[in-house]
Amino acid sequence: KKPMAFTLFSEFIPTHDRGFHMILVDIFGSFGMLLCCTFAFLTLSDWTLLNWQAFCVLSSLPGFFILYLRNKIPESPRYYALMGQKKNARNTLFQIALVNGTSLPQGRLVVYDQPVYTPLSKLFNSTK
C-alpha cells in the first residue's frame with residue numbers, strides 16, 4: 001500500500017518540491033515506528049502502572065488522525081473517470097494543475113476501459 005500512498009500524495013505536490021516532500025513521508029514513517037516503540041516502552045515496562053490496554057489506546061491515537069486526513073484526500077481522477085464522474089475527474093485534475101502551477105491541456109477527457117481481471121478460481125478450473 002505504501003507505493004499507492006506515495007503516488008496519491010505526489011500527484012498533489014508541485015514538481016519542484018516533490019523530492020523533498022517524499023523524503024518527509026519516509027521520515028515521518030520512521031518517526032511513527034519510533035513513536036510506537038516509545039509507547040510500548042512507556043506502557044509495557046515492569047516499572048509502569050500501565051498495561052497492554054493502555055498501549056493499544058495510545059497506539060491507536062495516530063490512526064484517528066489518519067482517518068481525519070483520509071477524508072481530506074480526493075479520489076484519483078482515474079477512479080472518477082472510470083465511474084463515469086467526469087466532472088469530478090476534471091475538477092481533481094484542475095486542482096492538481098493548480099497546485100503544480102500549470103494549466104490543463106486543451107481537449108477532452110478520454111477514459112480507456114479498465115482491463116478485465118480473471119478471478120483466481122479460473123486458474124484452477126480444468127474445463128476450457
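**Figure 1. A search of the whole structure finds one salt bridge.** The model is predicted, so local features need pLDDT of at least 70 and side-chain atom pairs count only at pLDDT 80 or more, while totals for chains, interfaces and linings use all residues. Residues are numbered from 1 along each chain as its sequence is written, and side-chain values use heavy atoms, with hydrogens and water left out. The salt bridge pairs E75 with R70. Their closest N and O atoms are 3.5 Å apart. The criterion is a side-chain nitrogen of Lys or Arg within 4 Å of a carboxyl oxygen of Asp or Glu. E75 counts as partly exposed because its relative accessibility is 30%. R70 is partly exposed too, at 41%. Buried means under 20% relative accessible area, exposed means over 50%, and partly exposed lies in between (1.4 Å probe, protein chains only).

**Figure 2. A nonpolar patch on the surface is formed by F65, I66, Y68 and L69.** Together these residues have about 420 Å² of accessible area. Areas come from the Shrake-Rupley method with a 1.4 Å probe; for residues, only the protein chains shown count as cover. Patch residues have over 30% relative accessible area and no salt bridge; like charges are joined within 9 Å, and nonpolar side chains (Val, Leu, Ile, Met, Phe, Trp, Tyr) within 5 Å. Y68 lies in helix α3, residues 52-70. Helices (H or I, at least four residues) and strands (E, at least two) are DSSP runs, numbered from the N terminus.

**Figure 3. Helix α5 spans residues 86-99.** Its 14 residues reach 20 Å from first C-alpha to last, close to the 20 Å expected at 1.5 Å a residue. The expected span is 1.5 Å times one less than the number of residues. A89, T92, I96 and A97 are buried in α5. Seen down the axis, the buried residues fall within an arc of 140°, so they line one face of the helix. The arc is that of the directions from the helix axis to the C-beta atoms. An α-helix has 3.6 residues a turn, so residues three or four places apart point the same way. The face turned away from the buried side carries the exposed residues K87 and L98. Just after α5, G101 takes a positive phi of about 70°.

**Figure 4. T92 and N88 both sit in helix α5.** T92 counts as buried because its relative accessibility is 4%. T92 touches F12, P74, E75, P77 and Y80, not counting residues up to four places away in sequence. Contact means heavy atoms within 4.5 Å. E75 is also the salt-bridge partner of R70. N88 is partly exposed, at 31% relative accessibility. The C-alpha atoms of N88 and P77 are separated by 7.4 Å, with the two residues eleven apart along the chain.

**Figure 5. Helix α2 covers residues 18-44 and includes A40.** Its end C-alpha atoms are 39 Å apart, which agrees with the 39 Å that 27 residues should span at 1.5 Å a residue. M22, F39 and T43 are buried in α2. A40 counts as partly exposed, because its relative accessibility is 21%. A40 touches S45 and F55, leaving aside residues up to four places away in sequence. A40 and L109 are 69 residues apart along the chain, and their C-alpha atoms are separated by 50 Å.
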